[in-house]
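Colleague: I have a new model open and would like to talk it through with you. Could you show it first?

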Amino acid sequence: HPKGRLHAGYGYETHDDDRTLTSSHVWRAGATWRPGSRVSAGVDYAGRVKRDQEELTLLKDVETSQWRAKLQVEPLAGLVLGADHRRRQRELPDLGVEVDGLAAHAFARATREGWGAVSADYGYTDDDYRDLVAGFSARSHAITGRVDIERIRGLRLAGGVTYLDIGEDL
């Protein structure tokens with residue numbers, strides 16, 4: 001439908017190499033709404049269950065799930081702004097670890113035809129870990145700037161820089 005859509009999917013993955021055998025069940029369901037050509041909003045839920053049949057991988061079994069809400073707008077031609085917010089949970093039953101967290105992301109991208117683009121991103125995460133002994137927190141901030149130059153046909157020159165700050169109990 002031009003104003004939105006519902007989506008859902010399921011996947012099964014298996015990895016079998018010389019040392020390990022793992023399998024994963026993956027699913028996602030959500031909705032996207034487009035009230036106009038310059039605005040898009042969506043929500044979805046996703047999950048993944050990975051099993052290590054031979055118990056040879058570092059993390060062994062892992063169960064994850066997350067809720068995500070996102071918004072993207074184009075207030076002017078060539079300028080795109082967006083943001084998303086995620087609530088996520090991870091469980092590593094073999095290690096006795098549970099993780100609850102959130103992640104937020106915002107971006108801006110300005111494009112000029114025949115010249116290129118300039119973009120900036122900001123990401124934030126806040127995760128609380130609980131294990132058999134105690135708990136701890138980890139927070140991160142990441143800021144990225146990027147320039148793409150496309151003045152010569154068939155050639156794109158790009159460069160970027162990222163600032164990363166990881167802290168709290170780490």
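Modeller: What follows is a short walk through this predicted model, from the sheet to single residues.

Colleague: Good. How many strands form the sheet, and in what order?

Modeller: Nine strands make up an open sheet, and their order is 1-2-3-4-5-6-7-8-9. The pairing is antiparallel.

Colleague: Which strands stand at the edges?

Modeller: Strand 1 (4–16) and strand 9 (157–168) stand there. Each has a single partner strand, so one side of each is left without a neighbour in the sheet.

Colleague: By how many degrees are neighbouring strands turned against each other?

Modeller: On average the angle is 10 degrees, with direction ignored.

Colleague: Let us take one hairpin. Which residue in the turn between strand 4 and strand 5 has a positive phi?

Modeller: That residue is G78, with a phi of about 90 degrees. The hairpin formed by strand 4 and strand 5 has two residues between the strands.

Colleague: How many bridges join strand 4 to strand 5?

Modeller: There are 12 bridges, and the two strands run antiparallel. As one example, L71 has A83 in strand 5 as its bridge partner.

Colleague: And what about strand 3 and strand 4?

Modeller: Strand 3 and strand 4 also pair in the antiparallel sense, over 12 bridges. Within strand 4, E63 is the residue that stands opposite V49.

Colleague: Now the pockets. How much space lies in the largest pocket?

Modeller: The largest pocket holds about 250 Å³. Its lining consists of 19 residues, and those nearest the centre are R34, S40, L71, Q72 and V73.

Colleague: Which strand gives the most to that lining?

Modeller: Strand 4 does, with five residues. At least two lining residues come from each of strand 2 (21–36), strand 3 (39–52), strand 4 (62–76), strand 5 (79–92) and strand 6.

Colleague: What does the side chain of D127 make polar contacts with?

Modeller: Two arginines are among its partners. The side chain of R88 is joined to that of D127 by a polar contact of 2.9 Å. The side chain of R90 makes another with D127, at 3.2 Å.

Colleague: Which residues does D127 contact in total, leaving aside its neighbours within four places in sequence?

Modeller: The list contains R88, R90, V99, D100, G101, L102, F136, S137 and A138.

Colleague: Next, S140. Where is it, and is it buried or exposed?

Modeller: S140 is in strand 8 (residues 135–149). Its relative accessibility is 14%, so S140 counts as buried.

Colleague: What does S140 touch?

Modeller: Not counting residues up to four places away in sequence, S140 touches G123, Y124, T125, D165 and I166. With T125 there is a polar contact between the side chains, at 2.5 Å. T125 is also the bridge partner of A103, as mentioned above.

Colleague: V147 is in strand 8 as well. What is its relative accessible area?

Modeller: The value is 38%, so V147 is classed as partly exposed. Beyond residues up to four places away in sequence, V147 touches A117, L157, A158 and G159.

Colleague: How far apart are V147 and L21?

Modeller: They are 126 residues apart in sequence, and their C-alpha atoms are 42 Å apart in space.

Colleague: One more residue: where is the place of H25, and what does its side chain contact?

Modeller: H25 lies in strand 2. Its side chain makes a polar contact of 2.4 Å with the side chain of Y10. Apart from residues up to four places away in sequence, H25 touches Y10, G11, Y12, G47, R48 and V49.

Colleague: Which class of accessibility does H25 fall into?

Modeller: H25 is partly exposed, at 31% relative accessibility. The C-alpha atoms of H25 and G160 are separated by 36 Å, and these two residues are 135 residues apart along the chain.

Definitions and conventions:
Residues numbered from 1 in each chain as written. Predicted model: local features only at pLDDT ≥ 70, side-chain atom pairs only at ≥ 80, totals over all residues. Heavy atoms only, no water. Pairing = 2+ DSSP bridges. Helix = DSSP H or I, 4+ residues; strand = E, 2+ residues; numbered from the N terminus. Axes fitted to C-alpha atoms, helices over the stretch in contact; angles between N-to-C directions. Polar contact = N/O pair within 3.5 Å; in protein donor to acceptor, adjacent residues only side chain to side chain. Contact = heavy atoms within 4.5 Å. 1 Å grid on protein atoms, 1.4 Å probe; cavity = no way out; pocket = protein on both sides within 12 Å on 5 of 7 lines; lining within 4 Å. Points joined across faces, edges and corners; volume = space filled by probe spheres on them. Buried < 20%, exposed > 50% of the residue type's maximum accessible area, 1.4 Å probe, protein only.
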